Each structure stands twice: as C-alpha cells, then as structure tokens.
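I opened my notebook to record what I looked up, one topic at a time.

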Amino acid sequence: TLLKNRKHINLPNPIDVNIFKPLEKIIARSMYNLPINKKLILFGAMSSTTDLRKGFRELVKSLEDLDEQNVELVVFGSSRPKGKGQFPVKLKVNYIGQLYDDVSLTALYNTADVMIAPSLQENLSNSIMESLSCGVPVVAFDIGGNKDMVTHMKNGYLATPFDTQDLKNG
C-alpha cells in the first residue's frame with residue numbers, strides 16, 4: 001500500500017548458473033580426494049559448526065545411527081570443531097575448510113549425493129540455490145524461504161521444523 005504509486009523492482013538472490021551447474025561426480029570427488037564408493041552428505045556455511053542458527057546440534061543428532069560403512073560427511077566453511085560440538089565419532093567427517101571461489105565451491109557441491117541445510121532460521125539460502133543448480137538435492141527444515149526452493153520429494157526433502165528424526169529421514 002505504501003508504495004503502490006511507486007515503481008518497485010524485485011531483485012532475487014542471483015547465482016550464476018553458468019558456474020553452478022552439474023559436473024561429473026567422479027572427477028569432482030577426485031579433486032577433493034573423496035571416496036567414489038560412499039554416499040556423501042555435504043554440510044556447510046560460514047561458521048557452520050559454531051553458529052547455533054546453522055543447526056549444527058540438530059545435524060549431529062540427525063546423523064546418529066547412520067550406516068557409517070556407506071556414508072561420510074563433508075563439511076565446508078568451517079574447521080574441525082574443538083571441544084563441544086563434535087560429530088559422532090563413528091561417522092567419518094571430511095573437513096574441507098573455507099573455499100574462496102565459485103569454481104571450487106561448484107566442484108565441492110558436485111561431490112555430494114545430498115546436501116543438508118539444517119538451519120533454524122533461513123530466508124533464501126545461497127547454498128541451497130547453489131546446490132540445486134548443481135543438481136544436488138537438498139534436505140532442510142520446512143522453514144522460511146526453503147519451500148520456495150525445495151519441492152518436497154522432487155528436488156529434496158523438507159523436514160518438519162526442528163524434528164531431527166525427520167531430518168534424518170530426508
């Protein structure tokens with residue numbers, strides 16, 4: 001109502017789909033020295049293991065009892081956590097650290113079988129858009145703008161908010 005007589009433009013969060021696109025999984029995994037024969041779950045954000053809003057605790061809980069023989073976790077944007085907040089020891093965790101360019105990030109997305117975005121608050125996550133643009137499905141809580149990007153059971157899984165068992169199901 002306030003701006004009805006004013007010109008307004010929608011500026012979406014743009015990502016370059018000429019960069020963020022599907023690549024050969026075997027080549028991407030070899031670039032990061034990740035196993036070819038395992039299912040890889042990708043998790044990452046700035047301060048991904050220390051910022052409570054990124055859902056680190058919920059992620060840890062959802063990873064309990066996964067088949068550690070066939071699944072590994074790949075974490076980017078953060079180093080190995082110190083003290084509290086360790087991942088379950090039975091699941092192998094590959095820490096990539098921070099990435100500083102879109103080409104490296106694109107290759108990393110393409111290593112994954114699925115990306116998990118367990119954020120407790122979210123608007124329009126760049127990492128969800130980037131992952132989907134690379135053809136990698138996303139598991140996230142059904143909060144904020146996630147349902148604008150993830151179509152449940154089509155290109156990902158929208159878990160009941162904050163239900164770690166449902167996140168694990170995804």
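Entry 1, charged pairs. I looked up D51 and R53 and found that their side chains meet in a salt bridge, at 2.8 Å from N to O, where a salt bridge is a side-chain nitrogen of Lys or Arg within 4 Å of a carboxyl oxygen of Asp or Glu. I note that this is a predicted model, in which local features need pLDDT of at least 70 and side-chain atom pairs count only at pLDDT 80 or more, while totals for chains, interfaces and linings use all residues. Residues are numbered from 1 along each chain as its sequence is written, and side-chain values use heavy atoms, with hydrogens and water left out.

How many salt bridges does the count come to by this rule? The count is four. Among them, K61 pairs with E64, with the closest N and O atoms 3.7 Å apart, and D142 pairs with K147, where that distance is 3.5 Å. I reminded myself that side chains of opposite charge can pair when their charged atoms come close.

I then checked exposure, where buried means under 20% relative accessible area, exposed means over 50%, and partly exposed lies in between (1.4 Å probe, protein chains only). D51 is buried because its relative accessible area is 18%, whereas R53 is partly exposed at 47%. K61 is partly exposed at 47%, and E64 is partly exposed at 34%.

Entry 2, strands. I took helices (H or I, at least four residues) and strands (E, at least two) as DSSP runs, numbered from the N terminus. Two strands pair if DSSP finds at least two bridges between them. By that rule β4 and β5 pair in the parallel sense over three bridges, with I116 opposite V139 in β5. β5 and β6 also pair in the parallel sense, over four bridges, and the partner of F141 in β6 is A159.

Which residues point one way from β5, and which the other way? V138 and A140 point one way, V139 and F141 point the other, and all are buried. I linked this to the rule that in a regular strand the side chains alternate between the two faces of the sheet.

A nonpolar core is a set of buried Ala, Val, Leu, Ile, Met, Phe, Trp, Tyr and Cys residues joined through side-chain atoms within 4.5 Å. The largest one has 23 residues, of which L42, Y109, I128 and V138 touch the most other members. α3 gives the most to this core, with four residues. Apart from it lies another core of 20 residues, including I41, F56, V60 and V114.

Not counting residues up to four places away in sequence, I128 touches A117, V138, A140, N146, M149 and V150.

I found N110 in the loop between α3 (102–109) and β4 (114–117). Is N110 buried or exposed? N110 counts as buried because its relative accessibility is 2%. A polar atom of the N110 side chain lies 3.1 Å from the backbone oxygen of K21, and one lies 2.8 Å from the backbone oxygen of T106.

N5 sits in the segment before α1 (25–31), and N5 counts as exposed because its relative accessibility is 70%.

Terms used
A polar contact is a pair of N or O atoms within 3.5 Å; within protein, one must be able to donate a hydrogen and the other to accept it, and residues adjacent in sequence count only if both atoms are side-chain atoms. Contact means heavy atoms within 4.5 Å.
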